[in-house]
Amino acid sequence: MTVSATAPTTLTAGTAADAEAALYVYGIAPAGVRTPGSPGVGGAPVRLLTESGLCAAVSATPARLRPRRRDLMAHQAVLDELAAQGPLLPMRFAVLSPRQDVLLSQLRSDAAHLTRQLDGVRGCVEFNVKGAVVPGSFAELVRRDEKLRTLALRTRRRPDYEANVRLGEAVARAVHREARRAAQEVLDRLTPLAVRTAGGPTGDEQVLSASFLLRSADEPRFRRAVDACARERGDRLALSVTGPLPCYSFVDPSPAPAGR
């Protein structure tokens, strides 16, 4: 399982520097869950604030909040304990609320919205699938691409520096085109298995990044499908899968500022 770090954000206006009473927020769950036993970020004990049928897992905000590995892992351990008990709206690393009363007011004012969000991920987990470009076999690329085959034949007959450069650029384009095609095939295969799908950032080398919201019972079938995609398209796309994760990509847990 991996842990994501983001820049510090707030549930409302304010940061840890604004008041010593600032709270570090891990996530929101239905009232009645057990308090996580794992120590929180900075070693602080975790406690639950309950309001309107909801609870927020919080701890004191460390004096210096940085995405160090031990704190990232502490954040994740708290979320894992909460997620094991039922639906959870997870916060990413370094989400703060300026004061306890403000957070309780937010839970109260946004109770209906947050409850709908929890119902939407009940019984679900998140998996993330990434795909990176695999340098293609020249012979296989030439076999599949008529234009590349023509250019390779022309270069073989009249080899020179510029011809070799053009061939190299054409091969690179073909490699990326094949990888993007394979990425779309993977998406087409996996999307019907998920309740919802969310796309992530891609680039020149990472051509696939998608998160899938799955019913927990569908996890084995999803893993088998990913394995099959990796075997069938491994010559074009290197797949990696991370999960199960808290449902980061499929919730909007941030309550509206109190009094709005």
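Reader: In this predicted model, how many residues lie between strand 8 and strand 9 in the hairpin that they form?

Author: Strand 8 covers residues 196–199 and strand 9 covers residues 206–215, and the two pair in the antiparallel sense over 4 bridges. Within this pairing, Gly-199 stands opposite Ala-210 of strand 9. The two strands make up a hairpin, and the number of residues between them is 6.

Reader: Which residues does Glu-219 contact, once its neighbours within four places in sequence are left aside?

Author: Glu-219 belongs to helix 7, which spans residues 219–233. Its C-alpha lies 9.2 Å from that of Leu-193, a residue 26 places away in sequence. With neighbours within four places in sequence set aside, the residues in contact with Glu-219 are Phe-127, Leu-214 and Pro-244.

Reader: How is the aromatic pair of Tyr-24 and Tyr-26 arranged, and what is the distance centre to centre?

Author: The structure holds 4 aromatic pairs. In the one formed by Tyr-24 and Tyr-26, the planes are 50° apart, which makes the pair tilted, and the distance centre to centre is 4.7 Å.

Reader: Are Tyr-24 and Tyr-26 buried or exposed?

Author: Residues count as buried when their relative accessible area is under 20%. Tyr-24 has a relative accessible area of 0% and therefore falls below that cut-off, and Tyr-26, likewise at 0% relative accessibility, is also buried.

Reader: Why is the pair of Tyr-24 and Phe-93 called edge-to-face, and which parts of the chain does the pair link?

Author: Planes over 60 degrees apart count as edge-to-face, and because the planes of Tyr-24 and Phe-93 stand at 65°, with ring centres 6.0 Å apart, the pair meets that description. Phe-93 is itself buried, at 1% relative accessibility, and ring pairs join Tyr-24, Tyr-26 and Phe-93 into a cluster. The Tyr-24 and Phe-93 pair spans 69 residues of sequence and links distant parts of the chain, namely strand 2 (residues 23–30) and the loop between strand 5 (89–90) and strand 6 (95–97).

Reader: Within what arc do the buried residues of helix 3 fall, seen down its axis?

Author: The buried residues of helix 3, which runs over residues 111–121, are Ala-111, Leu-114, Gln-117, Leu-118 and Val-121. An α-helix has 3.6 residues a turn, so residues three or four places apart point the same way. The buried residues of helix 3 therefore line one face of the helix, falling within an arc of 125°.

Reader: Which exposed residues does the face of helix 3 turned away from its buried side carry?

Author: The buried residues of helix 3 have cover from several elements, including strand 2, strand 4 (54–60), helix 2 (100–109), strand 7 (124–133) and strand 9. After the helix comes Gly-123, with a positive phi near 75°. On the face turned away from the buried side, the exposed residues are Ala-112 and Arg-116.

Reader: Among contacts between residues at least 6 apart in sequence, what percentage joins residues at least 24 apart?

Author: The protein chain contains 7 helices and 10 strands, and 45% of its 260 residues count as buried. It exposes about 13400 Å², with carbon and sulfur atoms supplying 51% of that area. Among the contacts between residues at least 6 apart in sequence, the share that joins residues at least 24 apart is 77%.

Technical notes. Residues are numbered from 1 along each chain as its sequence is written. This is a predicted model: local features need pLDDT of at least 70, side-chain atom pairs count only at pLDDT 80 or more; totals for chains, interfaces and linings use all residues. Side-chain values use heavy atoms; hydrogens and water are left out. Contact means heavy atoms within 4.5 Å. Two strands pair if DSSP finds at least two bridges between them. Rings of Phe, Tyr and Trp (its six-membered ring) pair if their centres lie within 6.5 Å; planes under 30 degrees apart count as stacked, over 60 as edge-to-face and the rest as tilted. Buried means under 20% relative accessible area, exposed over 50%, partly exposed in between (1.4 Å probe, protein chains only). The arc is that of the directions from the helix axis to the C-beta atoms. Accessible areas come from the Shrake-Rupley method with a 1.4 Å probe; for residues, only the protein chains shown count as cover.
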